[in-house]
Amino acid sequence: MSEDDAAQMIYEHQEEQQSLDTISKLENREEHSVLEADMIKGEPLYPHEVTRDSVLSLYIIALFFYLAAFIPPPLHEAADPTAGTAYPPPLPDWYLLWAFGCLKVAWDIQILIPLSSIPFLGLEDINLFLMTAKVWGTLVQGLIIGLVVAVPFLDRALGAVIDPQYGDVINRGHERRPIEDPVRAAIGVYGIASHRCWKQVSWFNI
Amino acid sequence: MKFNKLIGLVIGCLALFALPVSAETPILEELMRKYTFPLIFLSMAGAVFGVGYLYFTGLLPRVLFDTWAWIDERFALHRYVSLARREYYSVVYTLLPSTGRTIPQSHTERYNIKSIWYWYPFYSLGGLSFFAYIILTITGIYLGFYYVPDGEFILDENGHSTSGAYQSMELIMTQVTFGYIIRAIHHWSAHFMVASVFLHMMRVYFVGAYRNPREVNWILGAILLMVTIFFGYTGYLLPWDSLGYAAGAIGLEMATSIPAMGPLMAQIVFGGTQLTGDTVTRMYWLHIFVLPLIGTVLIIIHMALVWIQGEGEPH
Ligand code: HEM
């Protein structure tokens with residue numbers, strides 16, 4: 001028996017095996033439980049989204065190589081705990097500037113409002129605001145993150161307030177264009193704007 | 001068939017020739033410098049040529065089948081293939097039973113849009129974040145071969161402060177083969193990933209795709225956003241240059257200012273209430289083990305949920 005004959009036999013065997021499997025599975029076919037939910041009518045991740053993504057991925061990998069070739073990643077002087085850092089300015093990466101801005105705002109408020117720096121009950125750490133700027137700044141960051149996490153629930157509550165009868169039902173699973181939901185869109189734009197402002201503040205008085 | 005095996009043998013021999021090269025022997029290092037590019041080029045050209053040869057002689061299906069049969073005999077993969085195929089078609093037919101198509105209608109078809117809609121790229125941002133994550137993993141593995149997580153301050157021969165970590169970064173930037181380009185791609189894809197995750201969140205927000213069945217995905221996403229930012233922050237410190245040190249000082253201040261559990265947070269994240277060599281070790285372990293573990297698991301769940309629920313894409 002030649003090699004080709006053996007391969008042919010294996011091929012036929014596999015085919016048979018596969019069709020037997022398919023037939024037995026189709027006969028004992030069950031409903032897919034997830035699909036029973038009628039809310040699910042989204043755009044499929046595969047193949048539609050994957051197609052769009054793979055086209056863009058090619059552009060993006062080209063972009064990475066282009067940037068990598070022409071703009072070198074920075075490597076400054078070695079860290080020196082004894083030296084002051086005049087350059088580069090002590091700033092975090094760009095995506096953390098908003099958090100740094102929060103700290104600065106809190107710091108400025110503490111300086112601008114002298115009341116807040118008066119010690120409370122004669123204690124050093126505790127002032128009339130009961131907290132220092134750093135604590136306020138950090139708490140504000142936590143608050144912002146908490147707001148972001150709570151968006152779906154806030155949205156529902158908002159719907160219930162605007163329309164007490166159907167508000168929280170009507171939005172169920174309904175993605176819409178921003179123009180159809182002006183309140184949500186406005187809140188979003190406000191969020192982006194305040195993010196931008198905190199970022200700006202982080203550059204003051206370096 | 002025999003000819004293919006011959007080609008395989010030749011390529012295998014070339015690979016063997018490349019393997020025992022050690023960076024300690026100058027001659028071999030010289031050889032490596034000279035032949036790395038040609039070898040990569042040759043093997044890529046060989047792959048293209050080999051596949052092209054098989055394709056034009058009509059042998060390609062046979063070779064693919066032999067490979068498949070070899071694997072299938074051992075692992076009975078046909079079971080899982082038919083299972084996956086059945087699942088996929090059951091999904092398609094249940095969602096759109098009337099079409100009888102094997103592929104569901106696309107957004108363009110459903111709403112009869114005549115051209116590619118200019119908002120479509122925004123829906124790719126999640127996928128592009130994932131793509132950047134994969135690139136970061138690959139380049140990060142390469143950087144990990146050479147980076148030394150040693151942040152102890154020492155003096156170099158000129159009396160300037162330096163550290164093992166910083167010296168290894170200098171090595172990567174100047175000496176290591178492909179070190180510069182790999183670090184540059186790691187750097188740019190990290191920035192790209194943070195940006196695209198932010199924008200992805202905005203698109204989800206502005207189309208209201210976080211509503212009813214998708215709240216869990218929003219919360220997972222918010223955690224992923226923090227994981228991404230923390231990835232960036234820990235990586236920023238690793239070179240242990242003056243910029244990373246300054247960022248470390250700010251982060252440490254923020255951590256210690258958290259009421260009640262500040263010192264504990266500083267201990268967990270920064271390895272103490274002072275910036276020392278331990279900080280770098282902490283950041284390294286977070287950056288290369290803890291965050292990748294959490295991030296990968298969460299991304300898999302996040303994307304599995306999108307797979308199950310579909311994307312919310314309004315018109
Ligand atoms: C590592 C970061 C992330 C990755 C890799 C990722 C990946 C993805 C992918 C591939 C999709 C499919 C749809 C699309 O591409 O737009 C998606 C959808 C989604 N993502 Fe993310 N994502 C990430 C971060 C986030 C963040 C920060 C949020 C929000 C806080 C978020 C919330 C969502 C939601 C709610 C969906 C479902 C949207 C829909 O069904 O239309 N994700 N994610």
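A contact, in this presentation, means heavy atoms within 4.5 Å. On that rule, the contact between the two chains takes 89 residues from chain A and 99 residues from chain B.

Some conventions before I continue. This is a predicted model, in which local features need pLDDT of at least 70 and side-chain atom pairs count only at pLDDT 80 or more, while totals for chains, interfaces and linings use all residues. Residues are numbered from 1 along each chain as its sequence is written, chains are lettered from A and ligands numbered from 1 in the order in which they are written, and side-chain values use heavy atoms, with hydrogens and water left out.

Chain A has 7 helices and 2 strands, where helices (H or I, at least four residues) and strands (E, at least two) are DSSP runs numbered from the N terminus. Its elements run α-α-α-β-β-α-α-α-α from the N terminus on. Chain B has 13 helices and 2 strands.

Of the 206 residues of chain A, 31% count as buried, and in chain B buried residues make up 41% of 315. Buried here means under 20% relative accessible area, exposed means over 50%, and partly exposed lies in between (1.4 Å probe, protein chains only). As for contacts between residues at least 6 apart in sequence, 59% of those in chain B join residues at least 24 apart; for chain A, 51% of the contacts with a separation of 6 or more come from residues 24 or more positions apart.

The accessible surface comes next, computed by the Shrake-Rupley method with a 1.4 Å probe, and for residues only the protein chains shown count as cover. Chain A exposes about 13500 Å², 67% of it supplied by carbon and sulfur atoms. Chain B exposes about 17200 Å², and there carbon and sulfur atoms supply 73%.

I turn to the interface. About 8700 Å² is buried between chain A and chain B, with 67% from carbon and sulfur atoms; buried area is the accessible area (1.4 Å probe) that two parts lose on being put together, summed over both. Glu43(A), Phe64(A) and Leu75(A) supply 8% of the area that chain A buries against chain B, more than any other three residues.

There are 16 residue pairs in polar contact between the chains, both residues at pLDDT 80 or more. A polar contact is a pair of N or O atoms within 3.5 Å; within protein, one must be able to donate a hydrogen and the other to accept it, and residues adjacent in sequence count only if both atoms are side-chain atoms. On the side of chain A that touches chain B, α2(A) gives the largest share, 16 residues.

Which residues of chain A does His191(B) touch? Not counting residues up to four places away in sequence, His191(B) touches Asp93(A) and Trp94(A). His191(B) lies in helix α9 of chain B and is buried, because its relative accessible area is 16%. Ser189(B) is also placed in helix α9, residues 179-206, and counts as buried at 0% relative accessibility. Leaving aside neighbours within four places, Ser189(B) is in contact with Phe64(A), Ala132(B), Ile135(B) and Leu136(B).

Glu170(B), in helix α8 (residues 164-174), is partly exposed at 37% relative accessibility.

Finally, the charged pairs. Side chains of opposite charge can pair when their charged atoms come close. Across the interface, the rule finds 2 salt bridges.

Asp155(A) forms a salt bridge with Arg211(B), the closest N and O atoms being 3.0 Å apart. Glu215(B) and Arg156(A) meet in a salt bridge at 4.0 Å, N to O. This pair crosses from helix α10 (residues 215-237) of chain B to helix α5 of chain A. Glu215(B) is buried, with a relative accessible area of 15%, whereas Arg156(A) counts as partly exposed at 31%.

Within chain B, Asp66(B) forms a salt bridge with Arg62(B), the closest N and O atoms being 4.0 Å apart. Both lie in helix α3 (residues 60-75), 4 residues apart, about one turn of the helix.

Definitions and conventions. A salt bridge is a side-chain nitrogen of Lys or Arg within 4 Å of a carboxyl oxygen of Asp or Glu.
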